[in-house]
Amino acid sequence: MTAAADRDPGLQPERTRLAWRRTTLSATVVGLLAVRQALHGGVAPAALVAVALSALAWLGFLLVAHRRVLRMEAARPESLAPRGALTAALCTVALAVFAAAMLF
């Protein structure tokens with residue numbers, strides 16, 4: 001038997017699943033704060049565009065996170081695909097950029 005076949009996943013998949021959920025919750029809070037900021041300063045077209053783009057980035061991140069959480073339920077979850085990791089990273093950066101753009 002190989003070491004990979006004897007691997008006991010233990011709590012690692014559960015910790016990973018919880019980390020994805022925490023990160024999704026954080027992204028949700030950022031999105032809600034963006035909406036609040038846009039409405040607080042008055043409804044300007046640029047703010048509405050930033051909120052719409054933030055919502056789109058949030059939905060992209062939510063999709064990647066949901067797929068990852070579902071895959072973590074397997075006894076031997078497969079690793080995150082590079083495409084999924086890139087999508088999650090781009091959505092995170094996009095949320096940060098849109099938040100910064102709303103401040104100016």
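In the predicted model, the axes of helices H1 and H3 come within 10 Å of each other and cross at roughly 25°, where axes are lines fitted to C-alpha atoms, for helices over the stretch in contact, and angles run from 0 to 180 degrees between N-to-C directions. This angle makes H1 roughly parallel to H3, a term used for angles under 35 degrees, with those over 145 counted as roughly antiparallel, 65 to 115 as roughly perpendicular and the rest as oblique. The contact (heavy atoms within 4.5 Å) is made by Trp20, Ala27, Ala34, Gln37 and Ala38 of H1 together with Ala88, Leu95 and Met102 of H3.

Residues are numbered from 1 along each chain as its sequence is written, and side-chain values use heavy atoms, with hydrogens and water left out. Since the model is predicted, local features need pLDDT of at least 70 and side-chain atom pairs count only at pLDDT 80 or more, whereas totals for chains, interfaces and linings use all residues.

The protein chain holds three helices and zero strands, helices (H or I, at least four residues) and strands (E, at least two) being DSSP runs numbered from the N terminus, and along the sequence the pattern reads α-α-α. Among contacts between residues at least 6 apart in sequence, 79% join residues that are at least 24 apart. Of the 104 residues in the protein chain, 26% are buried, where buried means under 20% relative accessible area, exposed over 50% and partly exposed in between (1.4 Å probe, protein chains only).

Helix H2 comprises 27 residues (residues 45-71), which at 1.5 Å a residue should span 39 Å, and the distance of 39 Å between its end C-alpha atoms agrees with this; the expected span is 1.5 Å times one less than the number of residues. Among the buried residues of H2 are Ala47, Ala50, Ser54, Phe61 and Val69, and the buried residues of this helix pack against H1 (12-40) and H3 (82-103). Leu63, which also lies in H2, is by contrast partly exposed, with a relative accessible area of 44%. Although Leu63 and Thr24 are 39 residues apart in sequence, their C-alpha atoms are 9.8 Å apart in space.

The structure holds one salt bridge, defined as a side-chain nitrogen of Lys or Arg within 4 Å of a carboxyl oxygen of Asp or Glu. It links Glu78 with Arg71, the closest N and O atoms being 3.9 Å apart, and Arg71 counts as partly exposed at 43% relative accessibility.
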